[in-house]
Amino acid sequence: MPMTPPKAKSALSPIAFPVITLLFLATGASGLIYQVVWQRYFLNTFGATIYSVSAVLSSFMGGLALGSLIFGRLADKMRRPLAAYGIIEIAVAAAALVVPFLLGLMEPVFSAAYREFGSQFFAYSLVRFAFVFVILLIPTTLMGATLPILSRFITRNESSLAGSRVGLLYAVNTTGAVMGAFLCGFYFIRWWGVSNTVWFAAALNLLAGLISLLLSAVFESPNARITVAETAPRTPPSTDTASTSKLGKLILLAYGISGFAALSLEVVWSRSLVFTFENLKNTTYSFTMMLTTFLIGIALGSALMTPFANRLRHPVRTFAILQIVVGLLSATSFFALYYLAYNFGNDWLKELDNRPGDIRWNAAVMLVFLKSALVVGPATFCMGLAFPVAVRAVVTAERGVASTVGRLYAINTLGAILGAAATGFFLLPWLGMANTIALMGAMQMVM
């Protein structure tokens with residue numbers, strides 16, 4: 001009588017998954033600490049201009065896209081994805097610590113570029129942008145590898161749970177990013193200085209890497225190989241899941257356009273919000289608070305939609321509706337900026353002028369947050385709702401979860417690179433803030 005082959009055991013345990021989510025929370029924080037610190041570094045390179053914001057956002061997102069695309073394809077073949085994640089986090093820590101050293105080495109190059117292109121400000125900015133992009137490519141590429149690799153680990157036996165589990169992982173990582181951006185921009189740099197803040201972020205990556213390696217030794221067998229063909233129940237059928245290549249490509253294209261619009265709006269919001277602040281009129285503070293409120297919206301939306309993602313009967317239709325709503329809210333953010341944010345809370349802040357310094361500081365930070373939330377919050381919340389829905393729409397039984405998430409994340413991030421660069425260098429100078437915001441909203445509604 002032929003023996004039935006044993007089923008592969010689940011890669012998850014009651015201990016492993018909570019620990020992994022905590023690690024991804026910490027590394028989400030470290031990633032945005034780096035982003036805020038790098039923007040601070042590049043003020044010395046670009047000056048306090050929109051080019052520094054565009055350079056950091058484009059470089060950061062470019063590395064994330066490359067890492068997600070490359071490792072998304074490799075992750076489905078990995079025997080020990082958790083071990084790979086641990087090694088990558090250690091490498092992120094090392095690469096991030098090298099960035100200030102590389103920027104120092106670039107000073108003679110920037111000086112030579114200034115002698116050659118100094119009279120042509122736009123050309124000189126593009127040259128500096130290219131070098132900054134290359135410098136940040138290694139650490140950010142490694143960061144981009146982490147989501148598809150962990151997606152492989154947490155769903156390799158249960159692809160039917162891809163939308164909810166990956167959505168939860170994304171929400172947890174984004175929550176960490178919120179904490180990292182806010183604390184770094186308003187407190188860590190103020191307390192510790194830039195260099196010590198970088199060391200703190202690197203320590204988070206190093207600790208996450210070491211713990212992941214320990215978990216891998218316990219929960220991953222070196223000789224076991226679980227393939228996609230061995231996975232448990234397939235994704236429940238829905239009436240419009242993207243099971244055809246054309247529909248899947250359309251979803252990917254729409255999510256790429258969404259990434260373009262999102263990062264374009266980040267650049268515009270970062271530029272415009274600083275004018276609404278009564279105190280803390282500083283590029284680093286406006287950049288930090290824009291990131292913080294942007295990410296809070298993403299995290300809340302993703303967390304809210306995650307439990308419902310796998311129950312959707314019409315995920316493609318739901319995704320389309322969400323894109324229309326995002327477009328409408330994005331387009332109207334200019335009116336929130338102009339009519340609500342400028343004067344909101346300023347009288348209240350003036351009443352605190354005679355209070356102790358820490359009270360005034362924290363009150364000013366809170367007011368900056370509220371102003372930013374009025375402008376950025378509604379659109380970004382709906383952007384967060386869209387991610388688990390997009391995963392649910394494009395994950396099919398014929399493709400691995402990690403590679404699908406990698407493609408989705410990479411295409412969205414590729415759009416983000418183009419959006420940040422195009423807005424800083426072309427759209428804002430040509431169209432201005434109001435028209436750029438309107439254009440981004442229209443693009444999303446059309447898709």
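The following conversation goes through a predicted model of one protein chain.

User: Of the contacts between residues at least 6 apart in sequence, what share joins residues at least 24 apart?

Analyst: That share is 87% in the protein chain.

User: Which residues touch the most other members of the largest nonpolar core?

Analyst: They are Tyr34, Trp38, Phe42, Ile149 and Trp269, in a core of 126 residues. Helix H12, residues 357-394, gives this core its largest share, with 16 residues.

User: Take Ile149 from that list. What is isoleucine 149 in contact with, leaving aside its neighbours within four places in sequence?

Analyst: Isoleucine 149 is in contact with Phe71, Ala75, Met78, Pro81, Ala84, Tyr85 and Ile88.

User: Where is alanine 75, and is it buried or exposed?

Analyst: Alanine 75 belongs to helix H2, which covers residues 50-75. Alanine 75 counts as buried because its relative accessibility is 0%, and the cut-off for buried is under 20%.

User: Changing topic: how many aromatic pairs are found in the whole structure?

Analyst: The search finds 21 aromatic pairs. One of them joins phenylalanine 188 and tryptophan 191, with 6.4 Å from centre to centre and 50° between the planes. This pair is tilted.

User: Where do those two residues lie?

Analyst: Both phenylalanine 188 and tryptophan 191 are in helix H6, residues 162-192. They are three residues apart, about one turn of the helix.

User: Is each of them buried or exposed?

Analyst: Phenylalanine 188 counts as buried because its relative accessibility is 9%. Tryptophan 191 is exposed because its relative accessible area is 54%, and exposed requires over 50%.

User: Which pair links distant parts of the chain?

Analyst: Tyrosine 255 and phenylalanine 387 form a tilted aromatic pair, 6.2 Å centre to centre with 40° between the planes. Tyrosine 255 is in helix H8, residues 245-273, and phenylalanine 387 is in helix H12, so the pair links parts of the chain 132 residues apart. Both tyrosine 255 and phenylalanine 387 are buried.

User: Which residues form one aromatic cluster?

Analyst: The cluster consists of Phe182, Phe186, Tyr187, Phe188, Trp191, Trp192, Phe200 and Tyr285.

User: What about tyrosine 170: where does it lie, and is it buried or exposed?

Analyst: Tyrosine 170 lies in helix H6. Tyrosine 170 is buried because its relative accessible area is 17%. Beyond its neighbours within four places in sequence, tyrosine 170 is in contact with Leu147, Ile298, Ser302 and Phe387. Tyrosine 170 and glycine 384 are 214 residues apart in sequence, with 9.4 Å between their C-alpha atoms.

User: And Ser302, where is serine 302 found?

Analyst: Serine 302 is in helix H9, residues 283-309. Serine 302 is buried, with a relative accessible area of 0%. From serine 302 to valine 389, the C-alpha separation is 9.1 Å, and the two are 87 residues apart along the chain.

User: Back to helix H8. What is the nearest side chain of opposite charge to glutamate 266?

Analyst: It is arginine 271, 15 Å away. Glutamate 266, which is in helix H8, is buried yet has no salt bridge. Leaving aside its neighbours within four places in sequence, glutamate 266 is in contact with Leu57, Met290, Leu291 and Phe294.

User: Last one: which helix holds valine 394?

Analyst: Valine 394 lies in helix H12. Valine 394 is buried because its relative accessible area is 6%. Valine 394 and glycine 248 are 5.6 Å apart, C-alpha to C-alpha, and 146 residues apart in sequence.

Methods:
Residues numbered from 1 in each chain as written. Predicted model: local features only at pLDDT ≥ 70, side-chain atom pairs only at ≥ 80, totals over all residues. Heavy atoms only, no water. Core = buried A, V, L, I, M, F, W, Y, C linked by side-chain atoms within 4.5 Å. Buried < 20%, exposed > 50% of the residue type's maximum accessible area, 1.4 Å probe, protein only. Helix = DSSP H or I, 4+ residues; strand = E, 2+ residues; numbered from the N terminus. Contact = heavy atoms within 4.5 Å. Phe/Tyr/Trp six-rings, centres within 6.5 Å; stacked < 30°, edge-to-face > 60°. Lys, Arg positive; Asp, Glu negative; His and termini not counted. Salt bridge = Lys/Arg side-chain N within 4 Å of Asp/Glu carboxyl O.
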